[in-house]
Amino acid sequence: MTKPPRSKPLLRDAEAPIRSKPRGKRNPAQPQLPFDPMPDRVEPALAQLKAHPPRGDQWSWELKWDGYRLAVHIEPAGIRILTRGGHDWTHRFPAIEAAARALGPATMIIDGEAVVLDEEGRPDFGLLQQSLGASGKMTGNRASDAVLYAFDLIYLDGHDLRGVEYRSRRHLLEDTLDGKDGAIRLSETLDAEPAVLLEHVCRLGLEGIVGKNLDQPYRSGRIGDWVKVKCVQSEAFMVVGYEPSTASSAGFGSLVLAAYRDHDLVHVGSVGTGFREAETNKLRKMLDKLRWKQKQPPVPYSGKADIIWVEPTLIAEIEFRAWTADHKLRHPSYKGLRERQDNADIFRLD
């Protein structure tokens, strides 16, 4: 993205330097320059899912990161790292906290996504989940190797930027980070036709792309100013049971999943791939503590499988290819557990 040209110097080398007059006291009759108070929390802007990238020059494109959405507040009193749901996870991202402290003494709110990169430099949600020790309850584990990819700037040095168009916020974010490659990095914009860009991103095994309207302010919620196009669908589903394993008494065959239809949970199939052996045994212990004690299962079920039902408490991130005609997941694969404080959206059936 082309930045606006910098101002030309006012003096030539041969000219005498200009010195400012001594600063006098402020006239009390003159008004103070207004500053915006830093908001305690900003509800994040969310991207609408699209089957195809929209056309037009008003869109800026970047990678869709596979991690946890965070807002980093750099304040005079210190650093706060908030989840999408507004929970304070500062202690869980020490490297990001240290990088944010190094950006001071400026005050700002950075919007971004925390990821853990694999050996090939690709974001891996499973690695992030492992580093945090996500287990359906707060463990206090820390993701020391997590990196924040920053993609927006909401507040800077006394000025609330939510009313400013994205192209200007983006320039300010680029100037603020200025090539830093530590635990807080710039989410780079990608200069290519979005359809071609998506093809290359999918070939590399990444999750997809996100487009942002350059002319729009920062608006919370899923307004349509931001859009996402995914290579493979990935959503959060509620775990409502498991099928026992025929090979191991300590594990399970598959997890039974549910989504919302209006206010009710409905069965959307099972997932039996994507698990590591140690993770399977750990999950089984968690599930056994959540066994369903009522006669009727937590979701309507007409299948024949022998299912052990559990309290709908755990949220699993599931990758899948499509939906079947009877509203079941096609080729699902387990990616990891979401923590409730991450405020993940349980998938809703239209």
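**Reading cavities, strands and a helix**

Modeller: Let's start inside: strand 3 gives the largest share of the lining of the largest cavity, with four residues. Keep in mind that this is a predicted model.

Biologist: How many cavities of 30 Å³ or more does a search of the whole structure find?

Modeller: The search turns up three of them. The largest cavity holds about 90 Å³ of space. It has 13 lining residues, and V42, P44, A71, T83 and R84 are the closest to its centre. Strand 3 and strand 4 (78-83) are the elements that give two or more residues to that lining. By class, the lining splits into seven nonpolar, two polar and four charged residues.

Biologist: And which residues line the second largest cavity?

Modeller: That lining is made of A45, L46, P217, Y218, R219, G221, I223, G224, D225 and W226. The space there is about 40 Å³, and the lining counts six nonpolar, two polar and two charged residues.

Biologist: Now the open space. What is the volume of the largest pocket, and which residues lie nearest its centre?

Modeller: The volume is about 760 Å³. There are 34 lining residues, and K64, R84, R222, K228 and K230 lie nearest the centre. The class count for this lining is 18 charged, 14 nonpolar and two polar residues. As for where the lining comes from, strands 2, 3, 9, 10, 11 and 18 each supply at least two residues.

Biologist: How do I read a strand? Which residues of strand 5 point one way, and which the other?

Modeller: The general idea first: side chains in a regular strand alternate between the two faces of the sheet. In strand 5 (residues 108-115), M108, I110, G112 and A114 point one way, while I109, D111, E113 and V115 point the other way. Both sets are buried, so eight of the eight residues in strand 5 are under 20% relative accessible area.

Biologist: In what sense does strand 5 pair with strand 3 and with strand 6?

Modeller: Antiparallel with strand 3, over seven bridges, and I74 stands opposite M108. Strand 5 also runs antiparallel to strand 6 (residues 147-156), joined by eight bridges. There, A114 has L148 as its bridge partner.

Biologist: On to helices. Which residues of helix 4 are buried?

Modeller: In helix 4 (residues 194-203), the buried ones are P194, L197, L198 and V201. They sit on the same side of the helix because they cover an arc of only 100° around the axis. On the other side, A195 and R203 are exposed.

Biologist: What covers the buried residues of helix 4?

Modeller: The cover includes strand 2 (59-63), strand 9 (208-213) and strand 10 (226-230). Just past the helix, check the backbone at G205, which has a positive phi of about 80°.

Biologist: One more glycine. Where is the place of G251, and is G251 buried or exposed?

Modeller: G251 is in the loop between strand 11 (233-243) and strand 12 (254-261). It is buried, because its relative accessible area is 3%. Leaving aside residues up to four places away in sequence, G251 touches S245, T280, N281 and R284. Take N281: it is 30 residues from G251 along the chain, yet their C-alpha atoms are separated by 5.0 Å.

Technical notes
Residues are numbered from 1 along each chain as its sequence is written. This is a predicted model: local features need pLDDT of at least 70, side-chain atom pairs count only at pLDDT 80 or more; totals for chains, interfaces and linings use all residues. Side-chain values use heavy atoms; hydrogens and water are left out. Buried means under 20% relative accessible area, exposed over 50%, partly exposed in between (1.4 Å probe, protein chains only). The arc is that of the directions from the helix axis to the C-beta atoms. Contact means heavy atoms within 4.5 Å. On a 1 Å grid over the protein atoms alone, a cavity is a set of points where a 1.4 Å probe fits but cannot get out, and a pocket is an open set with protein on both sides within 12 Å along at least five of seven lines; lining residues have an atom within 4 Å of a point. Grid points are joined across faces, edges and corners, and a volume is the space filled by probe spheres set on the points. Ala, Val, Leu, Ile, Met, Phe, Trp, Tyr, Cys and Pro count as nonpolar, Asp, Glu, Lys and Arg as charged, and the others, Gly among them, as polar. Two strands pair if DSSP finds at least two bridges between them.
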